[in-house]
Amino acid sequence: AMPLRKALALSRNIPAVRVLDEVGVQNPPNLVKRLGLPNPMAPFLPSALGATEEPLLAMVSAYSTFPNGGVRVEPVRIRKVVDRYGRTLYQAAPKSYKVLSDYVAAQMVDMMRGSVQYGTAVAAGSFGHELAGKTGTDNESTDAWFIGYTPRVVCGVWIGYSDRKKTLGKGESGA
């Protein structure tokens, strides 16, 4: 037994699976959809460990919901175009959706700070910024990622081979 905060920070698998078992595999897929992830979550316990692959941009957009007070904003490729005089020629108007309560979003931010403070992403904390996030690595070490955020910026990094599943090497991880 360990607190969920510590389990998340240290990327412990068994607590994640137990939580999904407790809430029921039929409930989280709706949240996954609200967060804008394009691939439906499979109704199986391994889904707690990320068994469904999602595009990096979609994951970054979903994670942005936490520091944004529960509001998900659809990503846009170009935010603004200005001419040489600084006049705005185009301004994106991305859609936004309230998908989590302020309380839940704040709790997720607070819990994900642990990954950077003492967990699997402690190296990211060395930059001296207020940072939260989560690492991830698949079982065969073919994919590794980190999605982190400050109060103003969300960034995701994925490492892997785009054309095939090939190991990154022994001991490689999202950290």
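Lysine 80 stands opposite glutamine 91 of strand β3. The model described here is predicted. The pairing involves strand β2, residues 80-82, and strand β3, residues 88-91, which run antiparallel and are joined by 3 bridges. Together β2 and β3 make a hairpin with 5 residues between them. In the turn, glycine 86 has a positive phi of about 85 degrees.

Ile78, Val81, Leu89 and Tyr90 form a nonpolar patch on the surface, and their accessible area together is about 380 Å². Of these residues, isoleucine 78 lies in the loop between β1 (71-73) and β2.

An open sheet is built from 3 strands in the order β5-β6-β7, paired in antiparallel fashion. Strands β5 (132-137) and β7 (154-160) stand at the edges with a single partner strand each, so one side of each has no neighbour in the sheet. From one strand to the next, the twist averages 5 degrees. Strand β6, residues 143-149, is joined to β7 by 7 bridges, and the two run antiparallel. Within this pair, tyrosine 149 stands opposite valine 154 in β7.

| Helix | Residues | Strands touched | Angle between directions |
|---|---|---|---|
| α4 | residues 56-64 | β5, β6 and β7 | about 150 degrees with β7 |
| α5 | residues 102-117 | β5 and β6 | about 60 degrees with β5 |

How many of the 9 residues of α4 are buried? The number is 7, so helix α4 is largely enclosed by the rest of the structure. The buried residues in α4 are Ala58, Met59, Val60, Ser61, Ala62, Tyr63 and Ser64. Their cover includes strands β1, β5, β6 and β7 as well as helix α5.

Is tryptophan 145 buried, partly exposed or exposed? Its relative accessible area is 24%. Buried means under 20% and exposed means over 50%, with partly exposed in between, so tryptophan 145 counts as partly exposed. Tryptophan 145 and alanine 123 are 22 residues apart in sequence, and their C-alpha atoms are 14 Å apart in space.

Terms used:
Residues numbered from 1 in each chain as written. Predicted model: local features only at pLDDT ≥ 70, side-chain atom pairs only at ≥ 80, totals over all residues. Heavy atoms only, no water. Pairing = 2+ DSSP bridges. Helix = DSSP H or I, 4+ residues; strand = E, 2+ residues; numbered from the N terminus. Patch = residues over 30% accessible without salt bridge, like charges linked within 9 Å, V, L, I, M, F, W, Y side chains within 5 Å. Areas by Shrake-Rupley, 256 points an atom, 1.4 Å probe, with all protein chains shown as cover. Salt bridge = Lys/Arg side-chain N within 4 Å of Asp/Glu carboxyl O. Axes fitted to C-alpha atoms, helices over the stretch in contact; angles between N-to-C directions. Contact = heavy atoms within 4.5 Å. Buried < 20%, exposed > 50% of the residue type's maximum accessible area, 1.4 Å probe, protein only.
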